[in-house]
Amino acid sequence: MKNKQILAIFDFCDTLIGMQTANKFISLCYKENKNLTTIFNEACRLFFRKAGLLYGIRHKKWQLKQIKGLSAKKVEAIAKQYVKNELLPKQNMTVVERMLWHKRQGHKIAIVSGGFSQYIKEYAKNYSIDFVIATELELRDGFFTGNILGNDCMGKNKITKIKQHLKLDDFDLDHSYAYSDHISDIPLLNLTGHGVVVNFGQDIGWAIKAGYEIIDVK
């Protein structure tokens, strides 16, 4: 194992950042992309959401209709401002400090998230993160189609995407780390020898029962 690297994997929303990030980002994009089609789609989304008929991945895919037709250049500009104005001020510094500790040890850092790669990659530049594995948005001829490219990076899909992007045989997984706040990330937490759950006040009975390390954030 001496020649293998240690990997530290971090979830993004409610782990590194003290908020859910995807919906807000799409809302910011929608403000720059209002037309008859997107306004109608947004009205439908709000109606079905209020009626309890739109949730989870279905809601995420519906909401993405609001970015259809936006240019990659425009979304990149929105992502930069989003990181600067919204995400950096809402960092969970206790978790960020743990990430920086891993960097000082020479460990490789990966952010693995169901959030969108456009803003997570922008955030990662601030810390020279080695790998960003996130939900990708489909581009065609430089414009967003309003569809997810491939699979949403959630739950078990995170493991699939990690295996697609990283050669796991290069890492000492038994001595590696994974950080998340949510029970849906048990597959991610169990990928490494050290699963760490971020507690910001949610029910973590499942994490205590499983014996994960707990990090408390305010």
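This is a predicted model: local features need pLDDT of at least 70, side-chain atom pairs count only at pLDDT 80 or more; totals for chains, interfaces and linings use all residues.

A: **Helix packing, then the sheet**

In the contact between helices H2 and H3, Asn41, Cys44, Arg45, Phe48 and Arg49 on the H2 side meet His59, Trp62 and Gln63 on the H3 side. Sorted by class, the residues of this contact comprise three nonpolar, three polar and two charged ones.

Helix H2 spans residues 36-50 and helix H3 spans residues 56-63, and the two pack at an angle of about 160 degrees while their axes lie 10 Å apart. Since angles over 145 degrees count as roughly antiparallel, H2 is therefore roughly antiparallel to H3. The handedness of the H2 and H3 crossing is left-handed.

The crossing in which H1 passes H4 is right-handed. On the side of H1 the residues involved are Lys24, Phe25, Leu28 and Cys29, and on the side of H4 they meet Val75, Ile78, Ala79, Tyr82 and Glu86. Taken by class, the contact of H1 with H4 holds seven nonpolar residues and two charged residues, with no polar residue.

Helix H4 also packs against helix H6, which covers residues 117-124: the axes of H4 and H6 come within 9 Å and cross at roughly 55 degrees. H4 and H6 are therefore oblique to each other, and the crossing of H4 and H6 is right-handed. Here H4 contributes Val75, Ala79, Lys80, Tyr82, Val83 and Leu87, while H6 contributes Gln118, Tyr119, Glu122 and Tyr123. The class division of the contact of H4 with H6 is seven nonpolar, one polar and two charged.

For the whole structure, the search finds 13 salt bridges.

Turning to the strands, seven of them form an open sheet with mixed pairing, in the order S4-S3-S2-S1-S5-S6-S7. Strand S4 (143-149) and strand S7 (213-216) are the edge strands, each pairing on one side only. On average, and with direction ignored, neighbouring strands of this sheet are turned by 30 degrees against each other.

Strand S1, residues 7-10, runs parallel to strand S5, residues 177-180, and three bridges join them; Phe10 has Tyr179 in S5 as its bridge partner. Strand S3, residues 131-140, pairs with S4 in the antiparallel sense over four bridges, and Leu139 stands opposite Phe144 in S4. The hairpin of S3 and S4 has two residues between the strands, and Asp141 in this hairpin takes a positive phi near 55 degrees.

Key. Residues are numbered from 1 along each chain as its sequence is written. Side-chain values use heavy atoms; hydrogens and water are left out. A crossing is left-handed if the near helix is turned anticlockwise from the far one by less than a right angle, and right-handed if clockwise. Contact means heavy atoms within 4.5 Å. Ala, Val, Leu, Ile, Met, Phe, Trp, Tyr, Cys and Pro count as nonpolar, Asp, Glu, Lys and Arg as charged, and the others, Gly among them, as polar. Two strands pair if DSSP finds at least two bridges between them. Axes are lines fitted to C-alpha atoms, for helices over the stretch in contact, and angles run from 0 to 180 degrees between N-to-C directions. A salt bridge is a side-chain nitrogen of Lys or Arg within 4 Å of a carboxyl oxygen of Asp or Glu. Angles under 35 degrees count as roughly parallel, over 145 as roughly antiparallel, 65 to 115 as roughly perpendicular and the rest as oblique.
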